[in-house]
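Here is a walk through one protein chain, taken piece by piece. Have the viewer open and follow along.

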Amino acid sequence: MPDASSLDVLALAAHPDDVELCAGGTVCLLAQQGYDVGICDFTKGQLGSRGTPELRMEEAERASEIIGLTARENLGMMDGDIRNSKANQRRVIEVVRRYRPDIVLVNAEDTRHPDHSDAADLATDALYYSGLSEIETTGADGEAQAPWRPHHVLHYMQAIPFDPTLVVDVTPVWERRIDALQAFKSQFFNPEYD
């Protein structure tokens with residue numbers, strides 16, 4: 001998958017499959033409409049009761065192809081220990097400054113899984129700090145990164161309902177969304193899977 005210099009939309013997630021589960025239709029629709037869409041997963045799902053981190057990465061790659069993502073990366077944070085630390089904020093800031101997205105999708109703030117709300121806190125703080133010129137970061141090319149703050153930050157719904165501010169009709173891409181979700185075969189029981 002090519003590494004984009006900028007994205008229209010970047011989805012940040014605690015685990016591989018969070019975006020596919022909770023905003024999969026939206027990212028499929030945006031990609032189909034020609035927008036450059038990317039996902040940055042914070043962990044590899046190391047504590048998952050099914051599959052392995054290596055298998056989750058393969059599944060994420062397959063889901064990315066189905067969606068039509070422009071970019072996907074994984075920060076390799078420890079599952080179950082997503083800390084809103086300055087070091088982790090810096091890692092997210094570097095991603096945001098590299099891709100310069102107009103819209104960022106983030107885990108829900110109030111959730112059943114502690115990693116999801118921890119990821120939302122980390123992402124929200126990093127997205128604010130990414131716009132401050134006094135926080136200096138360097139890209140992979142060794143060049144200083146310019147500050148960047150997205151125009152919109154939207155939380156996608158997870159286990160606990162909330163009143164949405166935006167609802168997207170994903171009917172035209174529903175089957176693609178389901179295919180992307182089912183790329184994570186290790187995470188779902190299906191008697192038809194090998």
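Predicted model: local features only at pLDDT ≥ 70, side-chain atom pairs only at ≥ 80, totals over all residues.

What follows starts with the sheet, moves out to the helices, and ends with a few single residues.

Strands in a sheet pair through backbone hydrogen bonds, in either a parallel or an antiparallel way. Here, strand 1 and strand 2 are joined in the parallel sense by five bridges, and leucine 12 has cysteine 40 in strand 2 as its bridge partner. Strand 1 (residues 9-13) is also linked to strand 4 (residues 103-106), again parallel, by three bridges. Within strand 4, it is leucine 105 that stands opposite alanine 11.

## Strand 1, from both faces

How many residues of strand 1 are buried? Five of the five are, so strand 1 is largely enclosed by the rest of the structure.

In a regular strand, side chains alternate between the two faces of the sheet. In strand 1, Val9, Ala11 and Ala13 point one way, while Leu10 and Leu12 point the other way, and all are buried.

## Helices on the sheet

Helix 2 covers residues 53-67, and at 1.5 Å a residue its 15 residues should span 21 Å; the end C-alpha atoms are 21 Å apart, which agrees. The buried residues of helix 2 are Arg56, Glu59, Ala60, Ala63, Ser64, Ile66 and Ile67. Looking down the axis of helix 2, these buried residues fall within an arc of 155 degrees, so they line one face of the helix. The background is simple: an α-helix has 3.6 residues a turn, so residues three or four places apart point the same way.

Glu54 and Glu58 are exposed on the other side of helix 2. As for what covers the buried residues of helix 2, the list includes helix 1 (18-32), strand 3 (71-77) and helix 5 (174-182). Just past the end of helix 2, glycine 68 has a positive phi of about 95 degrees.

## Helix 5

Arg177, Ala180 and Leu181 are buried in helix 5. The arc they cover around the axis is only 100 degrees, which puts them on the same side of helix 5. Helix 1 and helix 2 are what the buried residues of helix 5 pack against.

Arginine 176 also belongs to helix 5, but this residue is partly exposed, at a relative accessible area of 31%. Leaving out neighbours within four places in sequence, arginine 176 is in contact with Cys28, Gln32, Ile66 and Ile67.

Is threonine 43 buried or exposed? It counts as buried, at 0% relative accessibility. Threonine 43 lies in strand 2, and a polar atom of the threonine 43 side chain is 2.9 Å from the backbone oxygen of alanine 14. Neighbours within four places in sequence aside, the contacts of threonine 43 are Ala14, His15, Pro16, Asn74, Met77, Met78, Asp79 and Ile82.

Aspartate 17 is found in the loop between strand 1 and helix 1 and is buried at 7% relative accessibility. Arginine 100 is in the loop between helix 3 and strand 4 and counts as partly exposed, at 30%.

Terms used: Residues numbered from 1 in each chain as written. Heavy atoms only, no water. Helix = DSSP H or I, 4+ residues; strand = E, 2+ residues; numbered from the N terminus. Expected span 1.5 Å × (residues − 1). Buried < 20%, exposed > 50% of the residue type's maximum accessible area, 1.4 Å probe, protein only. Arc of directions from axis to C-beta. Contact = heavy atoms within 4.5 Å. Pairing = 2+ DSSP bridges. Polar contact = N/O pair within 3.5 Å; in protein donor to acceptor, adjacent residues only side chain to side chain.
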